[in-house]
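Subject: Structure handover

Hi,

Here is the structure I promised to pass on. My notes follow below it.

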Amino acid sequence: MVQHPPLTAEAIETFLEQTLEAEFSFLRLDELIAAIHPLPRAQQDYLLDWVKRISTTNIEIAYQFAGRAVPLLDQLDQRVLETWALTAMDTYDRTGLRDALLVIRNVEQFVHTSEIRTSGTVFEDISGILFTFIRGLSGRKLKLEQADAPFTDSETLYLPTVIAWMETVEDNFRLAKAMVAFQWAQTRYGSFRVNLHDALADYPDQAHALNCFFALETLRLDACLARELPGLYRDMLALRQALGQTALPAGWDSFAHELASPDAGVSDTLSCLQSAYPHPAPTPVCYQGELRPDAVASTLAARLEREKMLLRVKLAELVDDLHPPRQGEEEKKPPVFSLKEPEEGNTPNIDQFEITLNDMPVVPPEDVRQLITSIKLDLGDIPPEYLTPAGDGEYDPKLYQDEERDPDAVWQGTYHEEGAHLYPEWDCGRKHYRKNWCVLREKDVRPGEPGYVAEVLARYGGLVKHLRKTFEAMRDENRVEKRQVQGDEVDIDALVEALADARDGSEMSDRLFTRMHRSERNIAVMFMVDMSGSTKGWINDAEREALVLLAEALEVLGDRYAIYGFSGITRKRCEIFRVKSFDEPYTPAVKARIAGIAPQEYTRMGVAIRHLSKLLIEVEARTKLLITLSDGKPDDYFDVYRGQYGIEDTRQALIEARRAGIHPFCITIDREAKAYLPHMYGAANYIEIDDVKKLPLKAADIYRKLTT
Amino acid sequence: MNARTLNPESNFIEREPYYEAVGSEISIFEAAYANRLPVLLKGPTGCGKTRFMEYMAWRLKRPLITVSCHDDLTASDLVGRYLVKGGETVWMDGPLARAVRAGAICYLDEIVEARKDTMVVIHPLADDRRALPMEKLGVIIEANADFCLAISYNPGYQSVLKDLKQSTRQRFVALEFDYPSASLEAKIVAAESGVDAALAERLVKFAQMTRNLKGSGLEEGASTRLLIHAGKLIAKGVPPVTACQCAIAQAITDDAEMLAAVQELSSSLF
């Protein structure tokens, strides 16, 4: 390897002045240069490369990083150093410069946590498994998130970011699992069925009472877990043993015994509390976490209200489904729902019950079943007023359904993008993704003229006829191939001839079988249509006409296809317009939507590709195509997206798509496409149409060539 | 001992198969059979559809001819084909034709897997004509009075390609099967695998956990059949957690994270 000489002070100065825009930022570089100058060349290059990468995000962070990183170069592993820089940039994306600079300044703390991380278990690594684990346990569908301490508000289970009490990663994982299971047990075995605020009001030392209560409740839940999940309980005991948390203080054994009864409920815990209160509380066990009555109370109050109404609305819907109201019918007797527990032995499952409507058993839909389970968890039973179907207009179900919508997708942070999709974006300067960078929503296209499609078809009459014929010929149908060397049936005609030949003394043919020829077209194609402002006029017309002809051809062919438009303005408002989804047939409504495709705003392509690839991945097909109809480069409103950044992000999104087994292809009418499209799509995966008017004629033809 | 070779027509079920009725499926099947109506069994895999057919064949004392349908199954695989023997062509009946002649119960398992053109050959058999046209022979066989047609299908695979056509499904009396209730399922697992009642109950609990995961990463929860497999392994001395891993977790998913989570569930239970 060639040893490069170290950079001179002047070279470093020039580089930093450029990268950190010293002319405008007025940052003082002398000290920095003096610090970097004596380093070996490899470290100089490494450091300056990262300074440059960070500077594309923010110059101040890059400057601070450079200053602090020099003395750390020898002490720290490069991986740790890089994670530190990336964490700072992610923080900047999420909450701004102030917090990002804090990350840079608190490098010691960062190093400390990353040391813990090597033996500890990190939330991100285990949350997938633990989330599935709690979903498997019965009861309410709980969520899992990170917080400062382990606790639950009865809907979400919280774990700290890093758990490092134990010595090995395995044991720390076991501890995390015990923590979530213990939190689950609180929701499952009714720890929150009392109003703690009222129940503890009479005790002079509230904090002590709460500690004692939680310790007693832990004894009760331990016993529940020992019965329900003995394997887990063994692990929990082992953890306590390892941490020396096995012994109970004097006098507590009798409480443990009392609360271990299978019938013990939270009210028994409260009655034990009276005798336990004078004693000192035991040390909390490792998986116990915290009890936060306020968090529980507020979630619980909101949930009870919401679920009661939701259940009543859902039951009303159920009644409508089962007995649709008929015109002119007299008022029927009001529907009466009742709930029956199964007559089963010892421990009935919380989610096993039967519902009857006017004494006839009904099969509740999954959402009703879950609601009832959740209400039973809170109240132990379903009060009769919950089972009264809501009257007309009594509640607006929309109000409550929206709240029910999974807020997992909502990114907690400075932005409040309720219900939107969040996608990362590739930052070529940083050579890394920006997390949750783009906010994308699906919208409906406002339908256009209903007669538009028929009109286009009439205009292209001859071509449509020709298209239908060509595509019909491509359609695969099962057909029997005769006289084959191999096959699944004897070709009797061929055999008779062959036997005659044999008798005759001439040579026998070996082509004696018939074979069923099947080459199913198993193609799903996604059309991604540029709806940016620049398509206004001719291009938009051409796109719509091309789609009409394509749809016509694809209907003949039977390939599955979807059409989506994309546009948007800034990363926070990326929009995908539904024209036709894969499941939707080619209805008049779809035709009207094709007619309604209209120019909107800008072209942030990467996020659109990521979203549509996701939709395409969910479709089952042997070949998946993503065809973009576009008129130009990726672009966005006053944003770095215009230029190199946008091209690199789009390229990255396409690489991701390809990795997922999708074949991207681009049809463009940009005459300058050669400058950037080969870089994005690859040399053979795009086609440039020089005349807009030819797009409709060519699109179907291109599709035919692509798929044969 | 050599394996027994049986003609399909003489495949009478001699010993009563173990079957626990969940609802009124037995009487409905008998009523359909008495009226010469074909039967469609719907339900997830491994919930006892095939066992139910064996049980009904035993009860009705008819031979049972089962055809497991696959995507290469052609109409002639069911109806029959010409073979060549010593320079002559010889006709050979397929299983469906044999069942029609002998008055057996013909059970087409997982019918949607078969090719679309295969399905139409059963249409004339499945309505009041009760006849099987043998196109290649140029004859029509009228079904023996004892003949019965039953098909099964799992509506859980939500794929447009694997849906039963209306013209096919609207000829059948449909019986819906699902996993039995927890106590009944435990009873079945205990009876079939030989584990004790407490362990069978745990296995069922484990199955319910995996069924809770249906839709959050699993296509289908553990079936009763898998529980019986696990139970049999345990009865032979395999530790429960290992048995659940081999007989259940690995059978329902390949996804590493899902496997790990299911493993955590089973290790928590046993």
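Start with one residue pair: A:Arg441 sits opposite A:Glu575, the latter in strand 16 of chain A. Keep in mind that this is a predicted model.

The strands around that pair come next. Strand 10 of chain A covers residues 432-444, and strand 16 of chain A covers residues 574-580. The two run parallel and are joined by 5 bridges.

Both belong to an open sheet of 8 strands in chain A. The order is 9-10-16-15-14-17-18-19, with mixed pairing. Strand 9 (421-427) and strand 19 (686-688) of chain A are the edges. Each has a single partner strand, so one side of each lacks a neighbour in the sheet. From one strand to the next, the twist averages 25°.

A helix packs on this sheet: helix 24 of chain A, residues 605-617. Helix 24 touches strands 9, 10, 14, 15, 16, 17 and 18 of chain A. Its direction makes about 125° with that of strand 9 of chain A.

Now chain A as a whole. Chain A holds 27 helices and 19 strands. Of its 708 residues, 36% are buried. Take the contacts in chain A between residues at least 6 apart in sequence: 71% of them join residues at least 24 apart.

Last, the confidence scores. The model has ipTM 0.80 and pTM 0.67. Chain B averages a pLDDT of 88, and 96% of its residues score at least 70. Where pLDDT is low, the predicted coordinates should not be read in detail.

Best wishes

Methods
Residues numbered from 1 in each chain as written. Chains lettered and ligands numbered in written order. Predicted model: local features only at pLDDT ≥ 70, side-chain atom pairs only at ≥ 80, totals over all residues. Helix = DSSP H or I, 4+ residues; strand = E, 2+ residues; numbered from the N terminus. Buried ≥ 20, exposed ≤ 12 C-beta atoms within 10 Å, placed from the backbone. Contact = placed C-beta atoms within 7 Å. pLDDT = per-residue confidence, 0-100. Pairing = 2+ DSSP bridges. Axes fitted to C-alpha atoms, helices over the stretch in contact; angles between N-to-C directions.
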